[in-house]
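Please have a look at the sequence and the structure before I start.

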Amino acid sequence: MTFTNDTRTIVIGGTSGIGKAVASALALRPGSVATVSRSTGLDVTDQAAVAAYFEAQSPVDHVVFTAGSAAPGGAVTDVPIDAAKQAFDAKFWGAIATAGAAAKHIRPGGSITLTSGFLARRTVPGTYVKTAMNAGIEAVAKILAKELAPIRVNVISPGLTDTEAHAGMDAEARQTMLDRAARSLPAGKAGAPEDLARGYLFAIDNAFVTGAVIDIDGGALIN
């Protein structure tokens, strides 16, 4: 899509990680980019707050949702349902609240790009919460692409990416994880936020792409 000085893009989750890389790439284009997250005061689990935010920002052209959640890992016999619900509230329901609110204020030719993850379609024991959450986003996005047309709705599905999401890990363990990915993935490397940002730009720019799930995972799903 053509960006002009009037083009307005909002990146939710844009203050860190993949979202920050997307916002940085968009900032090189004409127009304005707003980066918002919980740290800036927007709680995506609050549907009314999300609706009020987009009402105040109207009109907009493109919305990117990269906000994540610390989904609990573990077997279904061990993970408390309440912990799983909290993860869904942020990433899944937050994405749905964002799409519903944003769609009322997006100009013709605009787009919504959501974020899932490769575990949506890879069977890994102990990850049922992430799998269900990401698979749900991918399935619902296809419905949204039809309901909200001509607004285009797509999903980027990242693989392992070296972001602040892993900041809580021991530095040596984190590097071991990244090195293991570099050895095992067909791409020969773990993802960088900038790698993922290019995928979001593709989804925004290509007017013939909607209802798509775009895998940027270094080949994880074929590994």
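Predicted model: local features only at pLDDT ≥ 70, side-chain atom pairs only at ≥ 80, totals over all residues.

Residues are numbered from 1 along each chain as its sequence is written, and side-chain values use heavy atoms, with hydrogens and water left out.

Gly 136 lies in helix H4, and here helices (H or I, at least four residues) and strands (E, at least two) are DSSP runs, numbered from the N terminus. Between Gly 136 and Phe 88 there are 48 residues in sequence, and their C-alpha atoms are 9.8 Å apart in space. Also in H4, which covers residues 128-147, is Asn 134, and this residue is buried as well, at 5% relative accessibility. If we set aside neighbours within four places in sequence, Asn 134 is in contact, meaning heavy atoms within 4.5 Å, with Lys 91, Ser 116, Gly 117 and Ala 120.

Asn 154 is found in strand S5, residues 152-158, and counts as buried at 1% relative accessibility. Not counting residues up to four places away in sequence, its contacts include Ile 112, Thr 113 and Leu 114, and also Val 209, Thr 210 and Gly 211. Pro 193 is 39 residues from Asn 154 along the chain, and the two C-alpha atoms are separated by 18 Å.

Asp 162 is in contact with Arg 174, Leu 178, Gly 191 and Pro 193, once neighbours within four places in sequence are left aside. At 32% relative accessibility, Asp 162 counts as partly exposed.

Gly 17 takes us to helix H1, residues 17-26, which is mostly covered, with eight of its ten residues buried. Among them are Gly 17, Ile 18, Val 22 and Leu 26. The buried residues of H1 pack against strands S1 (8-12), S2 (32-36) and S3 (60-65), against S5, and against helix H6 (193-205).

Now to a pair of helices. Two packed helices are described by the angle between their axes and the distance between the axes. Helix H2 (residues 47-57) and helix H3 (residues 81-102) pack at an angle of about 35°, with their axes 9 Å apart; axes are lines fitted to C-alpha atoms, for helices over the stretch in contact, and angles run from 0 to 180 degrees between N-to-C directions. On the H2 side, Gln 47, Val 50, Ala 51 and Phe 54 meet Ala 97, Thr 98, Ala 101 and Ala 102 of H3.

Phe 54 also belongs to the aromatic part of the story. Rings of Phe, Tyr and Trp (its six-membered ring) pair if their centres lie within 6.5 Å, and planes under 30 degrees apart count as stacked, over 60 as edge-to-face and the rest as tilted. By this rule the count comes to three aromatic pairs. One of them joins Tyr 53 and Phe 54 edge-to-face, at 5.4 Å centre to centre and 85° between the planes. Tyr 53 is buried, with a relative accessible area of 14%, and Phe 54 is buried at 0%. The rings of Phe 92 and Trp 93 have centres 4.8 Å apart and planes at 80°, so this pair is edge-to-face. Phe 88, Phe 92 and Trp 93 form one aromatic cluster.

Finally, two peptide bonds. The bond from Ser 58 to Pro 59 is cis, with omega near -5°, and Pro 59 lies in the loop between H2 and S3. The bond from Ala 149 to Pro 150 is also cis, with omega near 15°, and Pro 150 is placed in the loop between H4 and S5.

How values were computed. Buried < 20%, exposed > 50% of the residue type's maximum accessible area, 1.4 Å probe, protein only.
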